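Please look over the protein shown below.

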Amino acid sequence: MARIYATLIGYVFGNFLTAMIVGKLFLKINPTEYGSHNPGTANMGAVFGKKWGILTCLGDLLKSLIALFIVYFVFPGHINIAYAGLGLILGHCFPIWNHFKGGKGVAVSAQVAVFYDWRAGLATLLIALILTAIMQNLTIPPLVFMLLFSVYEFLQNQEAGIVFMVITLIMVYKFWQDIIDFFTGHGKRVDILYSIKKKLGIKSE
């Protein structure tokens with residue numbers, strides 16, 4: 001029963017879409033009517049500016065952290081963290097109050113991974129960051145990160161690994177059109193190295 005309760009707690013908190021809250025409270029708009037129509041960090045940052053993208057990301061990380069800590073203290077047992085993560089992803093990607101149309105779960109999955117196993121989480125996130133810089137793409141690296149993390153955790157605990165693999169499949173489903181765009185050469189390019197250099201005032205050769 002603890003696994004079920006952990007999943008439900010995660011789902012409830014996952015339903016809080018920070019992009020929608022930020023959009024309606026501060027920008028007086030519905031973010032799903034702009035850009036990619038996705039209520040997530042990337043769309044908020046791309047359409048309305050980095051400040052709102054960062055605020056959205058922080059909100060999604062906070063809601064995830066609260067849910068994970070509740071499960072951690074109320075339902076002892078490391079595996080319950082994985083189920084809370086599954087609930088968070090389900091709630092974030094398929095929120096019941098928004099007709100099951102939510103974000104893609106990148107920030108949430110990163111928070112869950114680091115909370116569950118911070119060493120493996122940070123290691124796979126670093127790999128994803130390097131891939132993002134090389135590929136100049138925001139679609140494939142998050143999926144590679146979650147896949148690598150899932151495989152590693154499967155080798156440690158099969159049940160946890162399966163739960164994280166389900167999370168990976170949910171993200172693949174949400175990213176499906178972006179995956180198609182990437183492999184057909186229509187994916188959006190994001191040069192994070194250029195952005196960092198620009199912030200630091202370093203001129204490109």
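The sulfur of Cys-57 lies 14 Å from the closest cysteine sulfur, that of Cys-93, which is too far for a bond. A disulfide here is a pair of cysteine sulfur atoms within 2.5 Å. In general, a disulfide is a covalent bond between the sulfur atoms of two cysteines. The disulfide count is 0.

This is a predicted model: local features need pLDDT of at least 70, side-chain atom pairs count only at pLDDT 80 or more, and totals for chains, interfaces and linings use all residues. Residues are numbered from 1 along each chain as its sequence is written, and side-chain values use heavy atoms, with hydrogens and water left out.

How exposed or buried are the residues discussed here? The classes use relative accessible area: buried is under 20%, exposed is over 50%, and partly exposed is in between (1.4 Å probe, protein chains only).

| Residue | Relative accessible area | Class |
|---|---|---|
| Cys-57 | 22% | partly exposed |
| Cys-93 | 0% | buried |
| Gln-158 | 53% | exposed |

Gln-158 sits in helix H9, which spans residues 158-174. Its C-alpha is 35 Å from that of Leu-55, and 103 residues separate Gln-158 and Leu-55 in sequence.

Now the whole protein. It has 11 helices and 0 strands. Helices (H or I, at least four residues) and strands (E, at least two) are DSSP runs, numbered from the N terminus. The radius of gyration is 17 Å, close to the 17 Å that the globule rule gives for 205 residues, so the protein is as compact as a globular protein of that length. That radius is taken over C-alpha atoms, and the rule is 2.2 Å times the number of residues to the power 0.38. Along the principal axes, the C-alpha atoms fill a box of roughly 55 × 40 × 35 Å.

Of the 205 residues, 43% are buried. Among contacts (heavy atoms within 4.5 Å) with a separation of 6 or more, 65% join residues 24 or more positions apart.

The accessible surface is about 11,300 Å², and carbon and sulfur atoms hold 70% of that area. Areas come from the Shrake-Rupley method with a 1.4 Å probe; for residues, only the protein chains shown count as cover.
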